[in-house]
There are 2 protein chains.
Amino acid sequence: MSTDAITPRSKDFAQWYQDVIRQGDLAEPAEVVRGCMVIKPHGYAIWENIQKELDRRFKATGHKNAYFPLLIPLSFLAKEAEHVEGFAMECAVVTHSGLRASKDGGKTGLEVKNPLEEPYVIRPTSETIIGHYFARWIQSHRDLPLLINQWANVMRWEMRTRLFLRTSEFLWQEGHTAHSTHAEALEEVHRMLGVYADVAENVMAMPVIRGQKTDSEKFAGALSSFSMEAMMQDGKALQAGTSHDLGQNFGKAFDVRFQNKSGEVEYVWQTSWGASTRLVGGLIMTHSDDAGLVVPPKLAPIHVAIIPIFKNDAERSKVVEAGEQVRRECVAAGLSAVLDDRDDLRPGAKHFHWEQRGVPARVEIGPRDVASGSCVIKRRDRDPKEKTAAPLAGVGAALTALMDEIQQALFARAKAFRDSRLVKVDTYDDFRAALEGPSGGNFLLAHWDGTRETEEQIKKETRATIRCIPFEGDGEPGRCILTGRPSARRVIFAQAY
Amino acid sequence: MSTDAITPRSKDFAQWYQDVIRQGDLAEPAEVVRGCMVIKPHGYAIWENIQKELDRRFKATGHKNAYFPLLIPLSFLAKEAEHVEGFAMECAVVTHSGLRASKDGGKTGLEVKNPLEEPYVIRPTSETIIGHYFARWIQSHRDLPLLINQWANVMRWEMRTRLFLRTSEFLWQEGHTAHSTHAEALEEVHRMLGVYADVAENVMAMPVIRGQKTDSEKFAGALSSFSMEAMMQDGKALQAGTSHDLGQNFGKAFDVRFQNKSGEVEYVWQTSWGASTRLVGGLIMTHSDDAGLVVPPKLAPIHVAIIPIFKNDAERSKVVEAGEQVRRECVAAGLSAVLDDRDDLRPGAKHFHWEQRGVPARVEIGPRDVASGSCVIKRRDRDPKEKTAAPLAGVGAALTALMDEIQQALFARAKAFRDSRLVKVDTYDDFRAALEGPSGGNFLLAHWDGTRETEEQIKKETRATIRCIPFEGDGEPGRCILTGRPSARRVIFAQAY
């Protein structure tokens, strides 16, 4: 059905990405449902681990999960002008509430019945319906802040889709909060962007740059948007999480008001922030290699795969017993481990199997290893020819320490790569050169005159967009690379997913 | 906006149920989206705890989570005749892929655009789309068993809705498995029904009766269906989880075949099983009382609410300090605890607040308690006038032990109630009498002649349905209560949610 070869990154990065996903058993396109995907068990297990890490941090910062309807009345979308412009146009629209058998039903024999008085759209995001409930729940300053998160599926019908990165339906969380002052809302916006960056860097081992989006890239309906941007191995940017200052826009559209301590009635200040299954795509493109998926230990569904090596039944029973001992030690040390004692696969095929699934460490045990009380460890993040012998005694602790090492090594490698491609450019020629050719694909720190027109022209000519106005950096003024007009500080340009 | 009184169960059970949900801050009707609900943070936290318990058991029995598309092509539904009959008729139908601004758009100014060639329905359940992928994933007996679970939202447009029990959109998990033999599939069907019963009885403290559904009550497309049935406090039954033997029906409809060990190609044997947010409704109607929600400790988002009692600032600082100590001891003992030090509420209002939210234990600390090194504990499952003094030293351990005690007491009470209303009846007059009047509402163990007609007539005349043919029971033959024809064994009749 499908070849098991992985195209090298240098040959075709987009094909490599698809191959890694297929061979890692992560997902497949749902060809029967436009632009959607099936998330397979291994991909879903990684997403569940990301979810757990995020959810724990949301709760630790005082947020509570809730659930709002999937369907949004058309009239709700119409209430915030920028929002409807940005989201409603490519939505899945529910127009009928049933089917009936029919001779006119074509090949299915079914036709729609019961037209709805007002159609619904499947939520592309939930600011509107949550705004409606916030208006019911909030009366007084004592009801604030209201800190809600929702784990949900959303739909935005996309023209060009790519597994995990851009699919019509995707899974995400959307935080929605209401505050009594703008300052407090802004603090929340930055706090949650910090939570995302913490998970990205310390769990996913994916370095990110935080900053503000330009007006043309901000969320439809927000005063301002902030994002974290990660660099993929082709030098392109991935917006990996966003946090929005909604100001009082939705408060006014949905009449979300509260009585302040002085007894005056004001509109609330709202925020929203989201991260999605797109993170799985970012994870893949940050760490994986030409042999397939690489998963950082903190997200790996399986940390250790144990592969017994034997030629006959007598050897088999010895090495499988030793392997089972290693597995138990790993589990006791808090690691997830699999003893691969399948009889219909040779050791080479097993290595290949676990390598392509990104398991951080493989442990090999042969009869001579058992005799000498040792085993052989291969790290997924290193050259596959590199092997280390380790004593069987205490192997659980050794592998636990190795997991920390691999986690750090992956982050360090990704960060070194990113930093090597984070370049300052001062002329438009250098700018264009840095995006093309074999060493192309960079984050370009460049001056920009702050206008939408310049941003638009650079995008048209180079496909690079302003990823963010970074919080950090030298902050020195200069002159716009395109127009030569004054610029307050460098921004980050890149081609992006 | 809403009164805070709870209608007594004896006066109006349905109103009591709504009142408990409102006062417990569990959910509210989403009046703007037909038949849907908003699950509020406290309700969602209980659902999350149920999810965790189920998910852990699914994984321990070898299942893996995955995610399939929300939308199902119409042609998929059409493939299994019984299934489409049972599910497709009241579905949400997606017919368009976008909106556009329009003068003809009425009050919203929006109208639909881009009609789809083939409409989609929002999944009412996922047998069909998962069948399609199983056909791609399964080739050989080595690919079996395939054990998949999905956590998802589903939609079935219902005419009469009730919070948690029956809403158009609901949250659930749906297990879908494929096996090489019918025997193995049946074993799976019973294993998962066992997992549900374990969670119902040992986590939710809700006794259940397991059995087989009659043909007229089975899942559309299954060979046979099994359920667990719980008794609510009005004596009505709640089907709280179902597990289906799908035979080869979906295998044939979606061409899911495998090569067996002898090299022959066969259709797989499939199962599916589901439990939903309906369980939260069952939990409420099993344990709660006229003062509001009662939550068993194993599902309680908060185990202990600590209420300081004071008259002035000097007292306040002492009792709050002692309360904080209790809170820390609880947390160290693995309990979730809240110190309610709000200054704008009196102790009585705080008691009321936590009582209505079903917190298993409230701890009261006043200045005299601090002086004597003790505190006062109130159990949610007992008369509110009952108080126990406990030493502050070791209060964490005492409360932990109390949680076990409450968990067991709730189960024992629910079981005693259920057993007291599980009655054998041998005549149709007794049958009808047992369903009506002040002591009405019972599970009736009665003989039935095994025909659909008799079942239908009893249902029409009494609104009682056959909940299940129980696995346990005396198994003695007898004569049908309605027709007098021979019956192999008693079945359970009840009015049901």
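The model is predicted, with local features needing pLDDT of at least 70, side-chain atom pairs counting only at pLDDT 80 or more, and totals for chains, interfaces and linings using all residues. Residues are numbered from 1 along each chain as its sequence is written, while chains are lettered from A and ligands numbered from 1 in the order in which they are written.

Next I looked up the strands (DSSP runs of E, at least two residues, numbered from the N terminus). In chain B, β5 (residues 93–101) and β6 (residues 110–122) run antiparallel and are joined by 7 bridges; two strands pair if DSSP finds at least two bridges between them.

Then I widened the view. I found 6 strands in an open sheet with antiparallel pairing, in the order β4(A)-β6(A)-β5(A)-β5(B)-β6(B)-β4(B). At the edges I noted β4 (71–73) of chain A and β4 (71–73) of chain B, each pairing on one side only.

How does chain B lie on chain A? I noted a turn of 180° and a shift of 0.0 Å along the axis, with an RMSD of 0.0 Å (least-squares superposition on the C-alpha atoms of residues with pLDDT of at least 70 in both copies). The two copies are thus related as by a two-fold rotation axis. Val94(B) came up again here: in chain B, its C-alpha is the nearest to the axis, 2.1 Å from it.

Last, I checked the interface: 100% of the interface residues of chain B are also interface residues in chain A, so the copies meet through the same surface (residues are in contact if their C-beta atoms, placed from the backbone, lie within 7 Å).

Technical notes: Two residues are in contact if their C-beta atoms, placed from the backbone, lie within 7 Å. Helices (H or I, at least four residues) and strands (E, at least two) are DSSP runs, numbered from the N terminus.
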